[in-house]
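My entries follow in the order I made them.

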Amino acid sequence: MEYKNIHIIYFSPTHTSAKTAYAIAEGLGGDVLLESDITYDVPAEELEVHEDELTIVAAPVYGGRVAEVAVERLRAFHAHRALVVPVVVYGNRDYEDALKELSDVLIDAGFVPVSAGAFIGEHSFSRKDMPIAAGRPDDADYETAVNFGRAVKEKLEKVDELSCLKPLDMKGNFPYKVKGASTPQAPVTNEDLCTQCEYCIDVCPVSAISIIDDRMFSDPAVCIKCCACVKECPEDARTFDTPYTAMLHKNFSARREPELFI
């Protein structure tokens with residue numbers, strides 16, 4: 001099977017999903033690279049993915065499930081049996097049912113999964129004093145992602161039509177894991193360091209940050225705890241203190257490797 005275009009769709013507040021998707025696309029080759037960044041831009045209308053596009057869809061894992069905002073925004077895309085590579089990126093703990101969930105969402109939208117992968121990215125709660133997969137995806141992850149793209153390309157070159165592809169088997173269960181109630185908590189600002197450059201407002205994917213009474217405020221009812229504002233703040237004025245960081249650092253610091261389903 002041949003494809004002309006590579007289309008990457010990603011929700012990536014801290015850039016790990018985007019980096020992984022681009023590395024896979026490099027291995028896939030293709031004539032044209034199309035991009036749909038749904039991190040900040042909510043599709044205003046339904047978007048059709050064409051049959052000559054091989055699509056990579058990458059999203060982060062929150063609590064063993066695909067980020068809910070990503071799922072909502074992905075529902076704007078529709079395809080008629082277009083090939084897709086679902087990819088989830090998780091913070092070194094476990095991706096549980098997220099990859100299957102993402103695959104199911106895409107199947108419902110008309111895509112046909114050809115291969116899938118679960119990659120590791122630095123955890124949103126990672127801190128300098130308590131790192132959790134710090135610096136990932138790293139060079140080894142990049143190489144794995146490129147080689148994964150090449151393997152997918154080789155797989156497709158060996159078949160003539162969709163009917164020749166076997167249903168893709170991957171880790172995950174249905175019904176999906178039930179997530180617990182979200183803790184009403186959000187990053188806070190050290191006003192002594194903050195210059196009110198408003199960059200945190202720009203990088204928040206759900207518009208949870210605003211200036212109230214001349215102070216930066218994050219709405220805990222809206223915040224998805226991606227910690228993009230913490231990692232991107234040029235003054236290191238944002239922090240997110242949660243007991244989960246210490247727990248994750250203690251129990252999930254050992255390096256995990258990507259899991260690929262080809």
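Entry 1, terms. I took a pocket, on a 1 Å grid over the protein atoms alone, as an open set of points where a 1.4 Å probe fits, with protein on both sides within 12 Å along at least five of seven lines; lining residues have an atom within 4 Å of a point. A volume is the space filled by probe spheres set on the points, which are joined across faces, edges and corners. The model is predicted, with local features needing pLDDT of at least 70 and side-chain atom pairs pLDDT 80 or more, while totals for chains, interfaces and linings use all residues. Residues are numbered from 1 along each chain as its sequence is written, and side-chain values use heavy atoms, without hydrogens or water.

I read a volume of about 630 Å³ for the second largest pocket. It is lined by 25 residues, and Glu122, Ser126, Arg127, Val230 and Lys231 are the closest to its centre. I took helices (H or I, at least four residues) and strands (E, at least two) as DSSP runs, numbered from the N terminus. Which element gives the most to this lining? I found α6, with 3 residues. By class the lining has 11 charged, 7 polar and 7 nonpolar residues. Here Ala, Val, Leu, Ile, Met, Phe, Trp, Tyr, Cys and Pro count as nonpolar, Asp, Glu, Lys and Arg as charged, and the others, Gly among them, as polar.

I read about 1100 Å³ for the largest pocket. Of its 44 lining residues, Tyr62, Gly63, Phe125, Lys179 and Lys225 are the closest to the centre. α1 (16-28), β4 (53-62), α2 (68-74), β7 (82-90) and α7 (243-251) each give two or more residues to the lining. I noted 20 nonpolar, 16 polar and 8 charged residues there.

α1 and α4 (139-157) pack at about 45°, with axes 6 Å apart; axes are lines fitted to C-alpha atoms over the stretch in contact, and angles run from 0 to 180 degrees between N-to-C directions. α1 is therefore oblique to α4, oblique being what is left after under 35 degrees (roughly parallel), over 145 (roughly antiparallel) and 65 to 115 (roughly perpendicular).

Most residues other than glycine have a negative phi, and most peptide bonds are trans. I found the bond from Arg136 to Pro137 cis, with omega near 10°, and Phe174 to Pro175 cis, with omega near 0°. Asn92, in the loop between β7 and α3 (98-108), has a positive phi of about 80°.
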